[in-house]
Amino acid sequence: MDYQHQWINGNVITLPVGQVYCVGRNYVAHAAELNNPLPEQPVIFIKPPSTIQPLGHLLTLAEKFAPVHFETELAVLITQPLYEATPSEVQSGLGAMALGLDLTRRDQQSYLKAKGLPWERAKAFAGSALITPFVATPENWDDVFFSLAINGEIRQQGHTANMLTSVVLLIAHISDTFPLRPGDVVFTGTPEGVGPLANGDELTLRLGECDLGETRVVYASSSVDNHGNNAAR
């Protein structure tokens, strides 16, 4: 995908594009809406850099992956190496925040879960990680509000105070197993309200007081060209 981390003003963030570490079931109400039990520890999975697409005029998805569900999440940019990090080290290693859409083939995910198989086909397909431009980190990671509207109607609202595992402790937990590198992004979990995206849906993403932008869903014959770039961009 044609993606580079950037600030909301359009300036490029001069870090490599790394892995996207995702967290499942970090909000009680979301776990309940999918009839999932609450985890004993954070559920972690990874989307590779090739899955990322930037927020632009179009959110392009391959028709063969439909239906694709949206999951709106606070996304955190890692700017210092973190491995077996303390909360204090994590605080120093977080350089920016954005919103991410953890796009999901829900039917495929349900099938894979029932078979006890990995989720990659449902979670790490082409274009499955949309990331908005980044803004500065907050004074308090436990007081961050975000929302997604579709066709003018609020569909998801999240507040980090409602997370099962807070942002800082979550990233410290991830770093216990995975060495985090500058340019990696952590999707911190989605609140309730997830659902399918329809062709032509207009999405508006808001983080705190900042409007991060809008995009329109397009299901195309292929979401990427032969060079791995988003086909409709």
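Predicted model: local features only at pLDDT ≥ 70, side-chain atom pairs only at ≥ 80, totals over all residues.
Let's start inside: Glu71 counts as buried, at 4% relative accessibility.

**Charged pairs**

- Lys123 counts as buried at 3% relative accessibility, and Asp102 is buried with a relative accessible area of 0%.
- Arg206 and Glu209 form a salt bridge in which the closest N and O atoms are 3.6 Å apart.
- In that pair, Arg206 is partly exposed, with a relative accessible area of 27%, whereas Glu209 counts as exposed at 75%.
- Salt bridges with shared partners join Lys47, Glu71, Asp102, Arg106 and Lys123 into one network.
- The count of salt bridges in the model comes to 7.

**The open sheet**

- An open sheet is built from 7 strands in the order β2-β1-β11-β6-β7-β8-β3, with mixed pairing.
- β2 and β3 (52–54) are the edge strands, and each pairs on one side only.
- On average, neighbouring strands of this sheet are turned by 30° against each other, ignoring direction.
- Within the sheet, 3 bridges join β6 and β11 in the antiparallel sense.
- Val76 stands opposite Val186 in β11.
- Helix α5 packs on the sheet and touches β1, β2, β6, β7 and β11; the direction of α5 makes about 65° with that of β6.

**Helix α5**

- The buried residues of α5 (residues 167–177) are Val167, Val168, Leu170, Ile171, Ala172, Ile174 and Ser175.
- Their cover includes the strands β1 (20–24), β2 (43–47), β6 (72–78), β7 (94–102) and β11 (185–187), along with helix α2 (87–92).

**Nonpolar cores**

- The largest nonpolar core holds 45 residues, and Leu74, Leu103, Ile171, Leu197 and Leu207 have the most contacts inside it.
- At least two residues of this core come from each of β1, β4 (58–62), β6, β7, β9, α5, β13 and β14 (210–220).
- With 6 residues, α5 gives the most to this core.
- Leaving aside residues up to four places away in sequence, Leu103 touches a set of residues that includes Leu59, Leu61, Val68, Phe70, Phe125 and Leu197.
- Another core, of 17 residues, lies apart from the largest one; Cys22, Ala98, Val185 and Phe187 are among its members.
- As background, nonpolar side chains tend to be buried together in soluble globular proteins.

**Strand β9 and its partners**

- Strand β9 (residues 145–150) is mostly covered, with 5 of its 6 residues buried.
- β9 and strand β10 (residues 153–159) run antiparallel and are joined by 6 bridges.
- Phe146 has Gly158 of β10 as its bridge partner.
- The hairpin of β9 and β10 has 2 residues between the strands, and Asn151 takes a positive phi near 55° there.
- β9 also pairs with strand β13 (residues 202–207), in the antiparallel sense and over 5 bridges.
- In this second pairing, the bridge partner of Leu148 is Leu205 of β13.

Terms used:
Residues numbered from 1 in each chain as written. Heavy atoms only, no water. Buried < 20%, exposed > 50% of the residue type's maximum accessible area, 1.4 Å probe, protein only. Helix = DSSP H or I, 4+ residues; strand = E, 2+ residues; numbered from the N terminus. Contact = heavy atoms within 4.5 Å. Pairing = 2+ DSSP bridges. Axes fitted to C-alpha atoms, helices over the stretch in contact; angles between N-to-C directions. Core = buried A, V, L, I, M, F, W, Y, C linked by side-chain atoms within 4.5 Å. Salt bridge = Lys/Arg side-chain N within 4 Å of Asp/Glu carboxyl O.
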